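Hi everyone, thanks for coming. Let me put the model up on the screen, and then we'll walk through a few places in it together.

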Amino acid sequence: MTQQSSQRLGIVTDGSLTKGIEVRLDSSASVEDMAVGRYVTIEGEKRRFFGMITDISLGVIDPKLTLTPPDVTDPFTAEVLAGTSTYGTLHILPMLTIGGGATDTIEGPQPVKTVPGHFSAVNQASQQDVELVFGGEDARKFYIGTPLDMETRICLDLPELVKRSNGIFGKSGTGKTFLTRILLIGMLQKGAAANLIFDMHSEYGWSGTSEGGRTVKALKQLFPEQVAVFTLDEANAKRRRVSTDFVVRIGYDEIEPEDMTLLRQTLNLTEPAVEAIYQLSRKFGRNWLQSTLGLPESEETEEMLKGLSIHESTFQNLLRGLHTIERLPFLMPHSPDNTVKRILEYLDRGINVVLEFGRYTDITAYVLVANLLTRRIYAQYRERMEKAMAEDTAPPHPLVITIEEAHRFLNPGVSSQTIFGTIAREMRKYNVTLLVIDQRPSGIDDEVMSQLGTKITCLLDNERDIDSVLSGVPGKNELKSVLARLESRQQALIFGHAVPMPVVVRTREYGSPESYKDFLSPGQTDTKKQTQKDIEELWK
Amino acid sequence: MAELGRVGEVIEASTTEFVAQCYELYQSPPLGSLVKTILPLEEPLEMYGIVYNAVTSSLEPGRRPIARGKDETSEEEIYRSSPQLLKLLRTEFSALMVGHRQNGKLYRYLPPKPPRIHGFVYLCSDDEVVEFGQSFSFLNILLNAHLPVSAEELVAATLRQMSQVYDDRSRFMVTAGKELAILLGGELNRLKAILGRIKP
Ligand SMILES: Nc1ncnc2c1ncn2[C@@H]1O[C@H](COP(=O)(O)OP(=O)(O)O)[C@@H](O)[C@H]1O
Ligand SMILES: [Mg+2]
């Protein structure tokens with residue numbers, strides 16, 4: 001039943017389902033070889049348990065030993081005491097049962113409902129165990145990384161993943177962007193969803209940079225047929241030699257008062273100023289923005305404002321904000337083309353759309369455009385979904401919208417009013433979900449956080465951020481210590497719907513010629529050396 | 001001439017220990033040796049003891065030996081000039097009962113019956129010592145006995161004695177030491193005392 005390769009660590013001495021299990025280390029196992037985040041199996045009498053090491057501690061049988069430490073320079077004494085008078089303890093969070101006898105492994109892993117008995121043997125999980133729980137790339141499951149100190153591939157069920165909105169967190173420089181790219185490739189390959197990516201720093205469509213100035217390929221370079229790059233900054237795209245599919249222009253007449261509410265914070269608008277926008281739009285209609293900006297400084301204007309009971313200072317505050325918007329180069333009085341329509345055309349063909357912001361990386365532009373386009377696209381999906389339901393036809397293909405700096409859209413102050421808050425809360429009512437990326441998750445509304453199906457988090461060191469990410473998760477305290485000890489990059493804790501239990505991964509390598517090859521031909525390993533060489537040439 | 005390994009005869013017996021008189025003066029087995037005596041039942045009952053004490057005294061109770069060497073040049077001379085001494089003195093040793101064997105099975109706890117007087121006492125062979133030392137559960141009996149010799153001394157002597165028949169002596173000592181560390185969980189000083197006496 002047990003693989004002989006698995007190494008015995010110790011025995012269960014204490015524990016509870018909610019607080020985890022205490023394991024006394026055998027004297028042959030050194031505490032220094034243990035690591036939080038690692039997997040173990042526990043051989044209960046009736047079933048096998050699968051769990052994660054969440055803490056490691058030292059114990060002595062007799063407190064006197066710590067007061068008058070024995071002479072451990074004597075190797076004999078040291079060896080005798082290790083594991084007997086002094087011992088190591090592992091704290092283990094049991095997560096799953098993975099079948100009892102050899103026969104009923106067919107059931108697959110089940111969530112734990114009890115704990116193993118006293119003195120059950122605890123082993124390091126073998127490759128096969130880990131594979132049984134997370135493994136097996138297939139039509140739905142995508143390889144995202146490997147567990148600590150193991151070669152096994154941890155896989156995510158992507159069609160399952162995109163049923164809910166998800167989040168990628170971690171402080172700056174921990175690997176969020178790299179992870180997102182990998183995940184987007186997965187969705188693209190598994191056909192789980194079409195993606196619309198609001199690419200603030202222009203790193204998903206075409207060559208992102210890695211630390212040390214090395215450039216890495218992005219989606220369109222790897223999958224030119226399945227990815228369209230839209231840009232807000234044509235000049236920048238040209239200079240970077242990006243092959244763009246569409247240049248986005250937005251007309252003043254496309255901006256509705258609802259698009260402005262989200263900008264209140266970034267534009268420093270007062271509450272009355274936002275109200276004034278609604279009044280002005282009622283007065284001027286679609287062209288409210290241009291009309292407002294064109295108002296002359298005259299008595300007539302003053303009269304009109306008075307008529308709308310808009311205070312002079314409110315109006316000035318509003319004008320300052322509108323001028324900021326007016327200066328955005330991709331805005332014009334009237335756009336020659338319909339961006340929303342174009343985006344939908346691509347998405348409908350199953351082509352993923354990356355919208356690059358080029359040089360316009362300030363948050364005003366980002367919030368304005370992402371919100372404006374998402375509102376309209378979402379409305380379309382909603383219409384289609386309702387139609388499909390009424391006519392009993394096929395629903396639209398799932399859409400995943402990726403936004404960065406998510407707390408700008410989803411902070412408690414605005415989340416109830418924005419389209420993003422709506423999408424996050426409605427789950428996949430209309431087949432649209434979010435992939436939110438943020439380095440400050442504590443800035444996101446708790447309610448939205450609790451709706452996220454799967455969270456992938458790289459290292460966070462701010463207590464509030466950690467709390468917000470783990471809030472409501474079983475075993476929160478244990479996971480906290482795991483999360484706080486992730487390496488500073490390329491490691492992540494994944495938990496939620498798409499994985500049977502929380503898992504720490506070393507994120508799959510991205511950026512080397514071999515890694516591109518791996519992404520392009522999933523499942524094919526060891527091809528001949530020559531092919532590899534050819535590919536290296538190709539990507540030089 | 002006694003058979004191989006036979007060292008004496010039981011002269012006092014109880015459930016927990018027995019005293020044997022040595023056939024040869026001063027030829028008591030070393031402190032901590034594993035010895036056995038056999039009760040000749042239908043299924044013979046072999047009883048194992050650990051030697052914890054040895055005494056040499058006058059054969060007649062109440063008659064103390066007197067000093068005789070004033071005019072002799074060496075200790076040997078005393079015995080040579082008074083050969084009757086060897087008949088007037090005797091050596092006895094005491095063994096603490098630590099196990100028994102019946103129907104071929106070895107148990108490391110007290111036998112159901114005490115030995116009989118005049119039961120032959122043997123020093124155990126190397127093979128028997130190895131077999132007995134496969135489990136250290138008998139150490140508990142030694143640690144808890146109330147004897148004239150301290151339990152720490154006795155345990156240490158026993159382990160030193162047993163270890164002689166093992167090829168990897170230090171392995172044997174570490175394993176025994178770990179067992180003691182567990183048995184003496186809260187008694188660090190006793191543990192230290194023993195470890196200090198069995199250090200290879
Ligand atoms: N999966 C990965 N493969 C290779 N390098 C990685 C990976 N994840 C992170 N890195 C390294 O870490 C750096 C920071 O990652 P990045 O995704 O830009 O961080 P973030 O978006 O969180 O600020 C990258 O430039 C790269 O050098
Ligand atoms: Mg980034």
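Some housekeeping before that. This is a predicted model, so local features need pLDDT of at least 70 and side-chain atom pairs count only at pLDDT 80 or more, while totals for chains, interfaces and linings use all residues. Residues are numbered from 1 along each chain as its sequence is written, chains are lettered from A and ligands numbered from 1 in the order in which they are written, and side-chain values use heavy atoms, with hydrogens and water left out.

So, the interface. Here 17 residues of chain B are in contact with 16 residues of chain A, contact meaning heavy atoms within 4.5 Å. Between them the chains bury about 1,300 Å², 67% of it on carbon and sulfur atoms; that is the accessible area (1.4 Å probe) that two parts lose on being put together, summed over both.

How many salt bridges are there between chain B and chain A? There are two, where a salt bridge is a side-chain nitrogen of Lys or Arg within 4 Å of a carboxyl oxygen of Asp or Glu. One salt bridge joins A:Glu79 to B:Arg171, with the closest N and O atoms 3.5 Å apart. On the chain B side, the elements giving two or more residues are α6 (169-183) and α7 (188-198). The most comes from α6(B), with seven residues. (Helices are DSSP runs of H or I, at least four residues, and strands are runs of E, at least two, numbered from the N terminus.)

Now over to chain A. In helix α3 (residues 127-134), A:Asp129, A:Val130, A:Val133 and A:Phe134 are buried, that is, under 20% relative accessible area (1.4 Å probe, protein chains only). They cover an arc of only 105 degrees around the axis, which puts them on the same side of α3(A); the arc is that of the directions from the helix axis to the C-beta atoms. Their cover includes β3 (39-43), β4 (48-60) and β23 (503-507) of chain A. Just after this helix, A:Gly136 takes a positive phi of about 80 degrees.

Last stop: B:Thr91, in strand β5 (residues 89-102) of chain B. Is B:Thr91 buried or exposed? B:Thr91 is buried, at a relative accessible area of 3%. Leaving aside neighbours within four places in sequence, its contacts include B:Cys22, B:Leu25, B:Tyr26 and B:Val55. Thanks, everyone!

Technical notes: Buried means under 20% relative accessible area, exposed over 50%, partly exposed in between (1.4 Å probe, protein chains only).
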